[in-house]
Amino acid sequence: MSKHGSAEPLVTPVSVILTLLATFLIMGITSTSWEFFLQQRVLPSFGISLETGSDAAARWRFIITAVAFATLSQIGPALLLFRLMRRLDKARVAVLKAREEADALARHDPLTGLANRRILREQLRKRLSAAPTSGAHSALFLIDVDRFRAVNDLHGHSMGDLVLVEVANRIKATLPADAITARLGGEEFLALLPRPASIETLGKLAHQVIVRISAPYQLNGLDARLGATIGIAVSPDNGAEEMELMRSAEAALYRAKANPGTYRFFEHAMDRELKQALRLQRDLHAAIASGGIVPFYQPLIRLADGTVAGFEVLARWNHPVRGHISPEAFIPVAEEAGLIGQLTTLILRQACLDANKWPAHLKIAVNLSPIQLKEASLPDQIYRALRTAGFPAQRLEIEITESGLVNDVNTAKSILTSFRTAGIDVALDDFGTGYSSLQNLRSFPVTKLKIDKSFVRSMNSDTQSKNLIIGVLAMSKSLGIATTAEGIEEAAEGAYLASIGCDFGQGYLYAKPMRGDEVLTFLATYGVVAA
């Protein structure tokens, strides 16, 4: 029984037959009563005389004939009425079913079957309003699925939908039976559950959810690993009203995303950080869409002869209100907001267009985020940008940091191998500051090492820094890998690095990062003529 009414048909063949039988019975009783009883009393009162001589057989023939004709006369209209009522019934049932389906869609996510945002918020409001009298407080888990976009981009939306359904099933299976789990959209989920007596219990439960979601996914030939990051907020500590508690969970998730695969509880300082980050994120999105972030270029000098070998491409953002915003401030925001791919494409495409105006032997070096090395679709994005700009792959160098190699080794290796096959050089940036390992040089197709500027700046005063540089150069030469020293500010530093075998140099000694329209003027000072 639906709350909108019964969906059972009102008219059936049995009801039609019963109607005809009832008609036959009523006509029979009426005709018999009239012929044998009523007419003898009724007609004389109107001055109508009765015929004499009519026998009982004739009367019964009259009754049977009248009833038969009356009944037959009802069959046609009854069948027409039956067909009409059946159509009306079907329409009524269809309307009821549509109402039920619309009600289900309004309350549940059509893909996963989980509650949707509206229902969870209603339940959260009810629980929070009842908490002062019941004493039952609530907890929120805001769950973001890591690396889902890469699966969706690489394998398509159909496979992505299957993965999301599996993620939903794993979350439901991990959380308590009295938890309400909703899909907010995309790869974000929200769980509402009773607050336990111990906050540590929530931390353990969040860890279990992360472990469960991070287990391998093997669906229809897919073999992938995802992850999860969770922000946790509890009432009444982090909010006694629905929107306040939701905002606290969002702030906790934002902080947790600095270390994907972890969970964080809300702290009040996070709210201010989240508001600032959201403003910056909004402005960054607009800047990327409008081309407000532009490439600057810092020259790479061949130390052996002092000639220009190419330029490193650096993103610069001059905010209309806040002025210059450092890449150290907006790059992490772009990574967090899922905008890093769009930003890279924007900068790379413009750099290629600029470099098309330079001599053909000059290369450009573009930095990639460690997050991008988890996305198997990255090479296609880079190749598409090169084709759009008409720029040869052999003039491109990709710079990566070692942290990007350890997160997803297989995917990173596949991406870099694809780059090398296409003729793109691969430089390992900031070598010596992170996960420096000979294993990385053996496992990944690296063509250049960039010695971090911290070692260059301290090599004159720190023997260890100087020895490390000498060791890196000797190792690189034995492996056939080129080297670049960053942060060169004095001519003596460049001369010394050249004398011990460093191939390229970069730093303020040669030039600060410059706009695209300044590059040709700079090249002229080095005697390089434009193409």
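Biologist: Is phenylalanine 522 buried or exposed?
Modeller: Phenylalanine 522 counts as buried, because its relative accessibility is 10%. The cut-offs: buried means under 20% relative accessible area, exposed means over 50%, and partly exposed is in between, with a 1.4 Å probe and protein chains only. This is a predicted model: local features need pLDDT of at least 70, side-chain atom pairs count only at pLDDT 80 or more, and totals for chains, interfaces and linings use all residues. Residues are numbered from 1 along each chain as its sequence is written, and side-chain values use heavy atoms, with hydrogens and water left out.

Biologist: What does phenylalanine 522 form with tyrosine 526?
Modeller: An aromatic pair, and a tilted one. The centres are 5.0 Å apart, with 45° between the planes. Rings of Phe, Tyr and Trp (its six-membered ring) pair if their centres lie within 6.5 Å; planes under 30 degrees apart count as stacked, over 60 as edge-to-face, and the rest as tilted.

Biologist: And tyrosine 526, how accessible?
Modeller: Tyrosine 526 has a relative accessible area of 31%, so it is partly exposed.

Biologist: How many aromatic pairs does the structure hold?
Modeller: It holds 8. One of them is edge-to-face, because the rings of tyrosine 297 and phenylalanine 311 have their planes at 85° and their centres 6.5 Å apart. Tyrosine 297 is in strand 8 (residues 293-302) and phenylalanine 311 is in strand 9 (residues 307-319), 14 residues apart. Both tyrosine 297 and phenylalanine 311 are buried. On naming, helices (H or I, at least four residues) and strands (E, at least two) are DSSP runs, numbered from the N terminus.

Biologist: Which residues do ring pairs link into a cluster?
Modeller: Tyr297, Phe311, Trp358, Phe522 and Tyr526.

Biologist: Which charged ends sit over tyrosine rings?
Modeller: Arginine 170 has its charged end over the ring of tyrosine 217, 3.7 Å from the centre. Lysine 512 has its charged end over the ring of tyrosine 508, 5.4 Å from the centre. The test is NZ of Lys or CZ of Arg within 6 Å of the ring centre and within 35 degrees of the ring normal.

Biologist: New topic. How many residues of strand 1 are buried?
Modeller: 9 of the 9 residues of strand 1 (residues 138-146) are buried, so the strand is largely enclosed by the rest of the structure.

Biologist: Which ones point which way?
Modeller: Ser138, Leu140, Leu142, Asp144 and Asp146 point one way. Ala139, Phe141, Ile143 and Val145 point the other way. In a regular strand, side chains alternate between the two faces of the sheet.

Biologist: What is strand 1 joined to?
Modeller: Strand 1 runs antiparallel to strand 3 (residues 188-194), with 7 bridges. Strand 1 also runs antiparallel to strand 6, with 8 bridges. Two strands pair if DSSP finds at least two bridges between them. Phenylalanine 141 stands opposite alanine 191 in strand 3. Leucine 142 stands opposite glycine 231 in strand 6.

Biologist: What about the backbone at arginine 147?
Modeller: Arginine 147 has a positive phi of about 65°, although it is not a glycine. Its place is in the loop between strand 1 and helix 4. Arginine 147 is partly exposed, because its relative accessible area is 31%.

Biologist: Where is the cis peptide bond?
Modeller: It joins serine 235 and proline 236, with omega about 0°. Proline 236 is in the loop between strand 6 and helix 7 (242-256).

Biologist: Now pockets. How much space lies in the second largest pocket?
Modeller: About 530 Å³. A pocket here is an open set of points on a 1 Å grid over the protein atoms alone, where a 1.4 Å probe fits, with protein on both sides within 12 Å along at least five of seven lines; lining residues have an atom within 4 Å of a point. Points are joined across faces, edges and corners, and the volume is the space filled by probe spheres set on them.

Biologist: Which lining residues are closest to its centre?
Modeller: Of 23 lining residues, the closest are Arg147, Ala224, Arg225, Asp408 and Thr411.

Biologist: Which element gives the largest share?
Modeller: Helix 4, with 4 residues.
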